[in-house]
Amino acid sequence: MLGLSSALTAAGEPTEPVTPPSPTNSVDAKQLWLDASRQAAVLNEQVLQANDNVTSTGQGAAEAAQAVFDAEVVVQDATAAVTAAQTELDRYQEGVDRFASASFRGARLSQFSTLLTADSPEDFLDEVSALDRVAADASKTLQAAAQARKDAASTAAALQAAQLEALRSQTEADAAKVAAVAAAADLVAGKAALDLQIADYEALYNQLSESE
């Protein structure tokens, strides 16, 4: 039966098992038995800590997965907002384009007609001012719609970046969970091997004691 060295790595994992010298008397056999029992106590504590680590990394992985899901929902909402803003902008743009086209074609004629039909210079100026206000309002509305589209797109871009960060965090959390599970499995296997070694040392001690 191979023995386990008492030296442990900084990560808390057992070193490669080594073959101790075979005892020739009950005193040496008892010492090996006691040494292995102390190693088993230390290793058992490490197994408990490793299991706690598996639990915590599992929780971290679950939280990271939830964060990715939440980010996906937010990004979908933001993308829908961008689409809605673009639709609104297109609608206003179409109206403004029609107004601009009509203005280019009939502005001069409209002003000339207004000049002919106006009862006074004041009426003419009022009519012209009204046309200017309509044009200004249309331009202002279009600018507001364009700004809303820009703001929505900027927000969506920021949320997509956050989503990518959430995915990166999930990848790291999943890797940490896998590593924790593997480390715990190694420690459990080492503890099982050491328990067998302890049983062998105990049996050897009893055998040598009887022969002596």
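The points below go through the salt bridges and where their partners sit.

1. Please keep in mind that this is a predicted model. The count comes to 5 salt bridges, with a side-chain nitrogen of Lys or Arg required to lie within 4 Å of a carboxyl oxygen of Asp or Glu.

2. Let me begin with D35 and R38, whose side chains form a salt bridge at 2.3 Å, N to O. Both belong to helix α1 (residues 26–117), and because they are 3 residues apart there, about one helical turn separates them. D35 is partly exposed at 26% relative accessibility, and R38 is also partly exposed, at 48%.

3. Further along, E88 pairs with R91 in a salt bridge, and their closest N and O atoms are 2.7 Å apart. With a relative accessibility of 32%, E88 is partly exposed; R91 is partly exposed at 48%.

4. In helix α2 (residues 121–211), R168 and E172 are 4 residues apart, again about one helical turn. Their side chains meet in a salt bridge of 2.4 Å, N to O. R168 counts as partly exposed at 38% relative accessibility, and E172 is partly exposed with a relative accessible area of 46%.

Note on methods:
Residues are numbered from 1 along each chain as its sequence is written. This is a predicted model: local features need pLDDT of at least 70, side-chain atom pairs count only at pLDDT 80 or more; totals for chains, interfaces and linings use all residues. Side-chain values use heavy atoms; hydrogens and water are left out. Helices (H or I, at least four residues) and strands (E, at least two) are DSSP runs, numbered from the N terminus. Buried means under 20% relative accessible area, exposed over 50%, partly exposed in between (1.4 Å probe, protein chains only).
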